[in-house]
Amino acid sequence: MKISEIDKNLEVDTKISKDDIVWLDVTNEPFVIYGAASLSPFKRMPDEVSVNVNEGVHALKNNTAGIRARFKTNSPYIAIHAEWNSQCVMPHMPICGISGFDIYEYSNGRQKYLSTFIPLVSSKNGYESVKEFGGEMKEYILNFPLYNSVTKLYIGVKNDSQFEKTSNYSIDKPVVYYGSSITQGGCASRPGNCYQNFISRALDMDYINLGFSGNAKGETTMAEYIANLEMSAFVLDYDHNAPTVEHLANTHYDFYKIIREKNPELPIVMLSRPDYNVGNTVDDGRRSVVMESFVKAKKDGDRNVYFVDGASLFAGDEWFACTVDGTHPTDLGFYRFAQALIPTFETIFK
């Protein structure tokens, strides 16, 4: 017997029975899309760039981590119709984080969690879901899946609903994050709980997620692409995916320099890996490489570079509850990750 037959609270409803629904393509007005380089299919960076980085980045840029849709309506319900070519499934990450959408109400610079559109595990080509929200004029932020790709997304509303212009983020030029599976969002329970979203909610800040699970290796092509993006700050966090300490040492400072030379005043945050084991030769070596890049940048006169020690990110009671497997953060891990970074961003944007 299925657990949803025993406990109806665990049942996932993907059937929509609304006689008055109208479906709107999220790539058109009045919707505003953040965090995407292209739409339908949604991509985080252009094909012509990713193909020259590495095979993994070329595939993973189709994952929709960090992509958001923003809209304001008085519809009494919000429905989604999502389409994809295949569904990603992992044993150590909830399906609602991998391929679900979650929705927040935005008001006066603050976001309040409302609900999650949860797919079935067997949603091979996409799914539909609907949530009831009352009928008052509200502004919404819809977070896309962290790992699944999305080819099409339609928002369903009551056919006589009104729309109004959306607000802007207080920090509307995005912060760009480059890094590993942790940066991409593995293994948050839902999209709103990756660390970038915690920070975005705390500081009302737009962002672009360039986390590429297992494939952020500090290539020059990637650095040159990022250097030409419009951004308010940059987070350099690919320690975890550098194949060796030597590889990290050979690429880390050079990656930083490419960004800095194109963006002389840009705040740059260097981050070392969070699952740090004191006394481990490899972990010590990786941390030293990132710290040395920071120290060298400061000695070269850079006054807008910052270092956040990954060893501090999971610090505190129940630190072992911060990951699902010793590496990838749980929601608690991502929350602590964000709390460790927020003071740096507050300094940057004060």
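Seven aromatic residues, Y177, Y195, Y207, F334, F337, F345 and F349, come together in one aromatic cluster, where rings of Phe, Tyr and Trp (its six-membered ring) pair if their centres lie within 6.5 Å, planes under 30 degrees apart count as stacked, over 60 as edge-to-face and the rest as tilted. Welcome to a predicted model, in which local features need pLDDT of at least 70 and side-chain atom pairs count only at pLDDT 80 or more, while totals for chains, interfaces and linings use all residues. Residues are numbered from 1 along each chain as its sequence is written, and side-chain values use heavy atoms, with hydrogens and water left out.

**Overall build**

- The protein has 10 helices and 15 strands; helices (H or I, at least four residues) and strands (E, at least two) are DSSP runs, numbered from the N terminus.
- For 350 residues, a compact globule would have a radius of gyration near 20 Å, and the protein agrees with its 20 Å. The radius is taken over C-alpha atoms, and the globule rule is 2.2 Å times the number of residues to the power 0.38.
- Along the principal axes, the C-alpha atoms fill a box of roughly 65 × 45 × 40 Å.
- Of the 350 residues, 54% are buried, where buried means under 20% relative accessible area, exposed over 50% and partly exposed in between (1.4 Å probe, protein chains only).

**Aromatic pairs**

- The count of aromatic pairs comes to 24.
- Y195 and F337 make a stacked pair, because their ring centres are 4.2 Å apart and their planes meet at 20°.
- This pair links distant parts of the chain, with Y195 in helix 6 (residues 195–203) and F337 in helix 10 (residues 331–349), 142 residues apart.
- Both Y195 and F337 are buried.
- Y253 and Y256 form a tilted pair, with 5.2 Å from centre to centre and 50° between the planes.
- About one helical turn separates Y253 and Y256, because they are three residues apart in helix 8 (residues 245–262).
- Y253 is buried at a relative accessible area of 13%, and Y256 is buried at 3%.

**Charges over rings**

- K18 lies over the face of Y77, 4.5 Å from the ring centre. A charge sits over a ring if NZ of Lys or CZ of Arg is within 6 Å of the ring centre and within 35 degrees of the ring normal.
- R68 lies over the face of Y207, at 4.1 Å from the ring centre, and Y207 is also one of the members of the aromatic cluster.

**Backbone points to check by eye**

- E29 and P30 are joined by a cis peptide bond with omega of about 15°; P30 lies in the loop between strand 1 (21–25) and strand 2 (32–34).
- Another cis peptide bond runs from G186 to C187, with omega near 15°, and C187 is found in the loop between helix 5 (181–184) and helix 6.
- N108, a residue other than glycine, has a positive phi near 50°. N108 sits in the loop between strand 5 (101–107) and strand 6 (110–117) and is exposed, with a relative accessible area of 76%.
- E318 also has a positive phi, near 55°, in a residue other than glycine. The loop between strand 15 (305–308) and helix 10 holds E318, which is partly exposed at a relative accessible area of 45%.

**Cavity and pocket**

- On a 1 Å grid over the protein atoms alone, a cavity is a set of points where a 1.4 Å probe fits but cannot get out, and a pocket is an open set with protein on both sides within 12 Å along at least five of seven lines; lining residues have an atom within 4 Å of a point.
- Grid points are joined across faces, edges and corners, and a volume is the space filled by probe spheres set on the points.
- There is one cavity of 30 Å³ or more, and the largest cavity holds about 40 Å³ of space.
- S180, I182, D237, Y238, D239, H240, R273 and P274 line the largest cavity.
- That lining has three nonpolar, two polar and three charged residues, with Ala, Val, Leu, Ile, Met, Phe, Trp, Tyr, Cys and Pro counted as nonpolar, Asp, Glu, Lys and Arg as charged, and the others, Gly among them, as polar.
- The second largest pocket has a volume of about 250 Å³, and its lining includes P274, Y276, F314, W319 and F320.
- By class, the lining of the second largest pocket has eight nonpolar, three polar and one charged residues.
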